[in-house]
Amino acid sequence: MGAVEWIRLIAGCAFLAGGIFIFFTELFGLFRFHYVLNRMHAAAMGDTLGIGACLFGLIIFSGFNFTSLKLLLIIIFLWFASPVSSHVLSRLEISTNENLESHCAVYTDLKALEEESDTADMSDSGLQPSEEKGGAV
Amino acid sequence: MIYHYIYVTILIILSVMLFACLIRAVRGPRVADRIVAVNMMGTMVMVIIAVLALMLNEGYLVDVCLIYAMISFLAVVILSKVYIGVYEERLHKTQDPDDNEDQDKGGLSDGSC
């Protein structure tokens, strides 16, 4: 193999190893976190970054042809699809969970959140959950 | 030959991760946990199909991968919408059983944007 072949092999392997590492991190977060909104944060990483790195490594292996163009199309499609599916999933969780306040703070309007974060910057106190729920659905 | 070993290694690692993800989908306490785990399994299967397309040198498997991505996205959206609709229908039935006749038809349409 020539020098260009070796460079291609090493670069593709680096991207593939990065993608596998991102997938492993995603799986670790899926078992480590205790609530579904936290798990969703870990799981949304693999949809864009993990599969992006893996498929980019495969593009480098494949060279310049129609197969690599289709792989690029998959990456671009998932860039658009992953935030939408995460949003719909969080809507499902927020609108079907009845005791959401035990897991995270719920604000009915954004003014209260802004005022509270302003005071939290000065007095260095944590955020408190509000009384009502369901405004942000 | 060295490419073949790389592909086989990646396939083995991803298969082990796929089974670990299946455990999360079975154990998940809420519905959203299961849908997140199934979505992640879909992502890993997409990488497996793309690796197989290069390993077997069959270009059409990448088309299968693209269709798989679209169907996986559609499944997540539709499952979420259906569960929101079922939940709200059940909520209306338990809260006010008097005007139950109105809610019988439009149960699923409540969950739309």
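**Entry 1: ground rules**

I note that residues are numbered from 1 along each chain as its sequence is written, and that chains are lettered from A and ligands numbered from 1 in the order in which they are written. Since I am reading a predicted model, local features need pLDDT of at least 70, side-chain atom pairs count only at pLDDT 80 or more, and totals for chains, interfaces and linings use all residues.

**Entry 2: the two chains**

I looked up the secondary structure, where helices (H or I, at least four residues) and strands (E, at least two) are DSSP runs, numbered from the N terminus. Chain A has four helices and zero strands, in the order α-α-α-α from the N terminus. For chain B I also wrote down four helices and zero strands, with the pattern α-α-α-α along the sequence.

Next I looked up burial. A residue is buried if 20 or more other C-beta atoms lie within 10 Å of its own, exposed if 12 or fewer, and partly exposed in between, with C-beta atoms placed from the backbone. In chain A, 30% of the 137 residues count as buried. In chain B, buried residues make up 25% of 113.

Then I looked up contacts (two residues whose C-beta atoms, placed from the backbone, lie within 7 Å). Among contacts in chain A between residues at least 6 apart in sequence, 62% join residues at least 24 apart. For chain B, residues 24 or more positions apart account for 39% of the contacts with a separation of 6 or more.

**Entry 3: domains of chain A**

Chain A is divided into domain 1 (3-96) and domain 2 (99-137); such bounds come from an automatic or database domain assignment. Five residues of domain 1 are in contact with five residues of domain 2. On the domain 1 side, α3(A) gives the most, with three residues.

**Entry 4: where the chains meet**

How many residues of chain A are in contact with chain B? I found 39 residues of chain A in contact with 37 residues of chain B. On the chain A side, the elements that give two or more residues are α1 (3-32), α2 (36-62) and α3. Of these, α3(A) gives the most, with 17 residues.

I sorted the chain A side by class: Ala, Val, Leu, Ile, Met, Phe, Trp, Tyr, Cys and Pro count as nonpolar, Asp, Glu, Lys and Arg as charged, and the others, Gly among them, as polar. That side has 26 nonpolar, seven polar and six charged residues.

**Entry 5: one helix pair**

I picked α3 of chain A (residues 66-96) and α2(B), whose axes come within 11 Å and cross at roughly 175°. Axes are lines fitted to C-alpha atoms, for helices over the stretch in contact, and angles run from 0 to 180 degrees between N-to-C directions. Angles under 35 degrees count as roughly parallel, over 145 as roughly antiparallel, 65 to 115 as roughly perpendicular and the rest as oblique. The two helices are therefore roughly antiparallel to each other.

Among the residues that meet are A:L71, A:I74 and A:L89 in α3(A), and B:I35, B:V36 and B:A50 in α2(B). This contact has ten nonpolar, three polar and one charged residues.

**Entry 6: the core**

A nonpolar core is a set of buried Ala, Val, Leu, Ile, Met, Phe, Trp, Tyr and Cys residues joined through C-beta atoms within 7 Å. The largest one has 46 residues, and A:L55, A:L58, A:L89, B:V36 and B:A50 touch the most other members. At least two residues each come from α1, α2 and α3 of chain A and from α1 (2-27), α2 and α3 of chain B.

I followed A:L89 further. Leaving aside neighbours within four places in sequence, A:L89 is in contact with A:M40, B:A32, B:I35, B:V36, B:V76 and B:S80.

Is B:I10 buried or exposed? B:I10 lies in helix α1 of chain B and counts as buried because 22 C-beta neighbours are inside 10 Å. Not counting residues up to four places away in sequence, B:I10 touches A:L16, A:I20 and B:V51.

B:I49 is in helix α2 of chain B. With 19 other C-beta atoms within 10 Å, B:I49 is partly exposed. The C-alpha atoms of B:I49 and B:L61 are separated by 6.7 Å, twelve residues apart along the chain.

B:N57 is in the loop between α2 (31-55) and α3 (60-95) of chain B. Phi of B:N57 is near 65°, a positive value in a residue other than glycine. B:N57 is exposed, with 9 other C-beta atoms within 10 Å.
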